[in-house]
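Visitor: I would like to go through this entry and ask what stands behind each label. Please set the values against the cut-offs as we go.

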Amino acid sequence: MRERAFRVLQVSTVAAAGLLFLAFAPGIPFGRWTELLFFTLLATLAFRLRVRYAGNYVGLEAAALVPAILLLESPGAVMLVCLAADVLAKTLARQRRLSLPTGFDVAQLALSYGLAAAFFRSVHRPSTELPALAVETGGVLVVFFFINTLLVFGYLELGRLVPRERLIEMGLFQLLALLLLTPIVALQILMHRQYGIPGLLLAFFPVVLASFVVRNLSSIEQKYNEVARENRELEAMREISNVFALGARSDRYERVFQAITRVIPAEAAAFVEWAGDAQDDFAVHLAGATASGRRRVEDWVRENRLDESGADAPGEAVERRLGEERKVRLSPILPYQVLSRLSTYEMSTGMLVLESSFPALHSASALATIRALSDHLALVLQDRSIRGQIQELSERNRERAETLDQILQISNELKQHLNLDTLFHSIVSGVARSLGFHVVLLSLHDAEGNVFERRAQFGLDRRWAELKGQAVPAMEITKFWVEEHRISKSYFVRRKSREELGPYDVVTSPAARRISPNGWRPFDVLYIPLMAGERLVGCLSVDDPKNGLAPTVETVRALEIFANQAVAAIENARSYTDAHEQSIRDGLTGAYNHRHFQESLQKELGRAERIGRPLSVLMLDIDDFKGINDRHGHPVGDAILTRIVAEIRSEVRGDMDLVARYGGEEFGVLLPETPAEDAREVAERVRRRIDERMFRPPDSEDIIRVTVSIGLATFPEDARSKKELIEKADAALYRAKRGGKNAVKGQLSAEGDASGVTH
């Protein structure tokens, strides 16, 4: 609306001046062409002597045009002189480009002087004496002042060419200048009456002197203003530096905008900062009278890919845009826009968008100031970015040192765990605690079956009953171990939806959180292979990092360091377990040996006594085993011993009961928390199972029938010590042997009858 009114004022002023000139043209005294030419040349000189001082143009042309009004007594002639002189002066000043503002400037002066001349003609009488003429001269100047001021003020206000508060100051200055010219104009008229044209020229000479004096003062003022502008720029730069030096502030960019407005006429601003937030590629900050939301500016940046353009991108560093040329609008009522890149030689830090209703925003001085402030703001942002990177690097180094220290501590701790289950739990809890993951899963690789067996977890308690011991085909995991997923020696798999998950994938449920471009997505997983040289030992899979970010190379390498330590601990624990197993196992049958049987019996007796539960012992001997060895040979006997152990194990509780080779063809079985009656049932099942089996020696058609005799004793009914319990079980075994073999016997009753069960 304001722009339309501004243009209407310009066009209507030009039209009014044209119509007024046509109305007064018939009264132009062309017969006095020499005077017309003289006043035209004098007015041209006066226009060329115009000088800007204190932000105002001193209108010295009145010293030529007011005498023309008084002497020619023709409004049309004055308008012709004004138009011709003004156009000629602008041509001499090399302002040949004709524009609507230029036309308004010429037209408003011609219109003002024409109406002032019309006023003079209406009040002037030929017999007017000099004092009355001086009064009329003052009246002409006052009429000109009010008409010209009305037009100029309307032009400046609608065009927002100067702040509103300066309009009164400018009007008073122009009024003072015209009042000072009044005596000179009176002197010109007096000298013209006495000496004609030479006298008038002589009286005009003070105007020339005044012009040069004011020009010198204007030059001094310009230098002063330039210094003042530079000081304001420096003050604004200092304020910008202080704002960013004071740390995080919610009004930081509003204060930066206020510092900018002290130097240039900006009314709205958008600060676009590349990588301003750890979660985003860029950040947008609005300040001033903005009507658009932050989202619109963000869309503009993304659509034009401004965040991908560096400091050396093509285009001007500072661009001016007006009205509809603006691709992004901070406010619909602020037509003047400036886009300035925030960049240094080293990096591009962002973009500054300024808008204003004042055309002065597009002036050369404003653009120079914007460029200087933009360069300083870019340096401040670069400095903050570098300091942030240094701080982040320092923090990362500190965290890495702490991580490595924790890895070292956990590695030392792992060396102390020789039990595999305890070790596996320490590994997954160590990864979660030291490296910041909510979910950790450890799987061991079985080369024979080519499967991964899930052995330990952290963060999967609710699902562990389902997952524990699950055998996963190795291909279901190793198919992701390809180059496109590789980070260092590990593999980071990104999935966009649940549909991309396989049947064996274990991921946490998607969290309702904001996913940044470098964030961890709900279905992502990181695999860390556990390698012992070229041999695959197992795999660590981690999920849901505490920081919510995708893994960096540093994080992955820390995991790999931990994985190497874990592999070493696993191999060490396995070696210990194998050695321990060899020390407590019978090398032929795989059953526990006599020493381990004795140690375990002692422990179980103590436990049974503490908890008040029974403990049964079975002593088992193969019937006529010496004859088998003599008839078929010791290899056949060894095979039968191994088979007997397998049959016994099939009838006892694998996770609780213990089967041992007591010596030769004799075996012992511990049945914790088993009363005598239940122990007899177990013994009878074992006896019957072996009796029903037929043994065929290798490379022979012979069928060998094997039977066993079993004796049992129970704590605390039959005995209360280890020695007594074994003696009672042995005694029962010998009774089974003497009673015909292939039998189960318990303890003798008080009457001497057998209380055991026979075949």
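Visitor: How many disulfides does a search of the whole structure find?

Guide: The model is a predicted one. A search of the whole structure gives zero disulfides. A disulfide would need a pair of cysteine sulfur atoms within 2.5 Å.

Visitor: Why is Cys 82 called buried?

Guide: Buried means under 20% relative accessible area. Cys 82 has 1%, so the label applies. Cys 539 has 2% and is therefore buried as well.

Visitor: What does the chain contain in terms of helices and strands?

Guide: The chain has 20 helices and 21 strands. It is 759 residues long, and 48% of them count as buried. Of the contacts between residues at least 6 apart in sequence, 65% join residues at least 24 apart.

Visitor: What makes H2 roughly antiparallel to H3?

Guide: Helix H2 covers residues 33-48 and helix H3 covers residues 62-72. They pack at an angle of about 160 degrees, and their axes are 9 Å apart. Angles over 145 degrees count as roughly antiparallel, so H2 is roughly antiparallel to H3.

Visitor: Which residues of H2 and H3 meet?

Guide: From H2 they are Glu 35, Leu 36, Phe 39, Leu 42, Ala 43, Ala 46 and Phe 47. From H3 they are Ala 64, Leu 65, Pro 67, Ala 68, Leu 71 and Leu 72. By class, this contact has twelve nonpolar residues, no polar ones and one charged residue.

Visitor: How do you know that H3 is mostly covered?

Guide: Eleven of the eleven residues of H3 are buried. Among them are Ala 62, Ala 63, Val 66, Ile 69 and Leu 70. Just after H3, Glu 73 has a positive phi of about 50 degrees.

Visitor: How many aromatic pairs does the search of the whole structure find?

Guide: The search finds nine aromatic pairs. In one of them, the ring centres of Tyr 253 and Phe 271 are 5.2 Å apart and the planes stand at 45 degrees.

Visitor: Why is the pair of Tyr 253 and Phe 271 called tilted?

Guide: Rings pair if their centres lie within 6.5 Å, and planes under 30 degrees apart count as stacked, those over 60 as edge-to-face and the rest as tilted. With 5.2 Å between the centres and 45 degrees between the planes, Tyr 253 and Phe 271 therefore form a tilted pair. Tyr 253 is in helix H9 (residues 252-261) and Phe 271 is in strand E3 (residues 268-274), 18 residues apart, and the pair links distant parts of the chain.

Visitor: Are Tyr 253 and Phe 271 buried or exposed?

Guide: Tyr 253 has a relative accessibility of 9%, so it counts as buried. Phe 271, at 2%, is buried too. Ring pairs also link Phe 244, Tyr 253 and Phe 271 into a cluster.

Visitor: What makes the pair of Phe 492 and Trp 520 tilted?

Guide: The planes of Phe 492 and Trp 520 are at 45 degrees, with 5.1 Å from centre to centre. Phe 492 is in strand E12 (residues 490-493), and Trp 520 is in the loop between E12 and strand E13 (525-532), 28 residues apart. Phe 492 is buried at 8%, and Trp 520 is buried at 1%.

Visitor: Why is Leu 187 called partly exposed?

Guide: Buried means under 20% and exposed means over 50%, with partly exposed in between. Leu 187 has 37%, so it is partly exposed. Leu 187 is found in helix H7 (residues 165-195).

Visitor: Where is the cis peptide bond that ends at Pro 716?

Guide: The bond runs from Phe 715 to Pro 716, with omega near 5 degrees. Pro 716 is in the loop between strand E20 (708-715) and helix H20 (722-738).

Visitor: Which labels do Lys 741 and Asn 742 get for accessibility?

Guide: Lys 741 has 26%, so it is partly exposed. Asn 742 has 7% and therefore counts as buried. Lys 741 has a positive phi near 70 degrees, and Asn 742 has one of about 50 degrees. Asn 742 lies in the loop between H20 and E21.

Technical notes
Residues numbered from 1 in each chain as written. Predicted model: local features only at pLDDT ≥ 70, side-chain atom pairs only at ≥ 80, totals over all residues. Heavy atoms only, no water. Axes fitted to C-alpha atoms, helices over the stretch in contact; angles between N-to-C directions. Helix = DSSP H or I, 4+ residues; strand = E, 2+ residues; numbered from the N terminus. Parallel < 35°, antiparallel > 145°, perpendicular 65-115°, else oblique. Contact = heavy atoms within 4.5 Å. Nonpolar A, V, L, I, M, F, W, Y, C, P; charged D, E, K, R; others polar. Buried < 20%, exposed > 50% of the residue type's maximum accessible area, 1.4 Å probe, protein only. Phe/Tyr/Trp six-rings, centres within 6.5 Å; stacked < 30°, edge-to-face > 60°.
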